[in-house]
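Reader: Hey, I'm new to this one. Can you walk me through it?
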Amino acid sequence: MDFTPTEPQAEARGLAARIFADLATHERLRAAGTGSDPELWKALSAAGLVAAVPELGLLGLVLLLEEQGRTTAQVPYAASCVYGQLAITAHGTAEQRERLLPGIGEGSLVVTGAFPAQPTVRPSGRGRLRGAVPVVPWLRDATHVLVADAERELWLVALGEGTGIEETELTAPWSAGRLTLDDTPAEPLGSGTRSGTPSRPGSGSGLGAYADVLATARTAFAGLQAGVCAGSLARAVAHTNTREQFGRPLATRQAVQLRAADAHMDTEAIRVTAYEAAWRRDAGLPYATHALTAAWWASEAGQRVVHTGQHLHGGAGADVEHPVHRHFLWGRQLDAYLGSGGEVLQELGELIASAD
């Protein structure tokens, strides 16, 4: 394994860090409320940080999502890159790639995902879907949704005819909505994407399209969680180094040091497991168990870290207007998205047992 970023990955990460630091400020995040920041999305797209994702690979995307997580920037970056750029690149037809990828890359098309598969979503006829998905993150910003039906087939739905969107609030401000499909026109991703259909070489080592997209999403959002945790911990360290109690900085207290050290180790565990899963996907190696491992760490360790970040701020951490509270909200949202720790652990155990 070699997690050393390539030169393009390192340059893209540095550029993303600058854009997020400049534009995802506390004031702009407060102004965005529960929605997204369209100016930040335009800046990311104009800088080529969406279009470059297929070339940077999943590891490159994880590095970029870490930078988003540090600032809790409110843009559909992870969703559009995973369910749009990477999913269509790996599993779409040549015509779908030619038609959709340029628009996604320039930011004029935004794709989100109705994942995991919903038992109520079923084909209602040739190229049409019926059903409802209770929560779809970034739905209010999307132009397209990648929908997984009850049989784990993947469909691209252009929002418009036959789609209903009802605003829904999540723990984190992810511009979410409830999606209703009423005999809605839809096109299969690829030429019929049943869960057993192998993905393209280098995109999951033989995983079916649904399994590959879900594992890719879990890995990417684990990378986002690593950034959220790193940002929370950085704020806690800065606070405890400057906040004094009885004439000494809080950071000199052993209990504070131990709590921060545990949070640091948890954050590194999330990061390294996400890196490994992403690297293996990019290398065309089996990575299903590694993606579940990263998702488990993102859930279990992630909630510990964001609780620590808030706790180490003392009374200030209880202020919902404080920047650290956003990390708490994002961390708690991410710990359950695409499966909580217990759910992914059970799935991991069953996957390991089935391989024996």
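Reader: Let's start with His-239: buried or exposed?
Author: His-239 is buried, at a relative accessible area of 19%. Buried is under 20% relative accessible area, exposed is over 50% and partly exposed is in between, using a 1.4 Å probe and protein chains only. Keep in mind that this is a predicted model, where local features need pLDDT of at least 70, side-chain atom pairs count only at pLDDT 80 or more, and totals for chains, interfaces and linings use all residues. Residues are numbered from 1 along each chain as its sequence is written, and side-chain values use heavy atoms, with hydrogens and water left out.
Reader: Where is His-239?
Author: His-239 sits in helix 7 (residues 209–242); helices are DSSP runs of H or I with at least four residues, strands are E runs of at least two, and both are numbered from the N terminus.
Reader: And what is His-239 in contact with, leaving aside neighbours within four places in sequence?
Author: Leu-250, Leu-312 and His-313. Contact means heavy atoms within 4.5 Å.
Reader: New topic: how many aromatic pairs are there?
Author: Eleven. Rings of Phe, Tyr and Trp (its six-membered ring) pair if their centres lie within 6.5 Å; planes under 30 degrees apart are stacked, over 60 edge-to-face, the rest tilted.
Reader: Why is the pair of Trp-174 and Trp-330 edge-to-face?
Author: Because their planes are at 70 degrees, with the ring centres 5.6 Å apart. Trp-174 is in the loop between strand 6 (163–167) and strand 7 (177–185) and Trp-330 is in helix 10 (residues 323–334), so the pair ties together parts 156 residues apart in sequence.
Reader: Which residues form one aromatic cluster?
Author: Trp-138, Trp-174, Phe-221, Trp-330 and Tyr-337.
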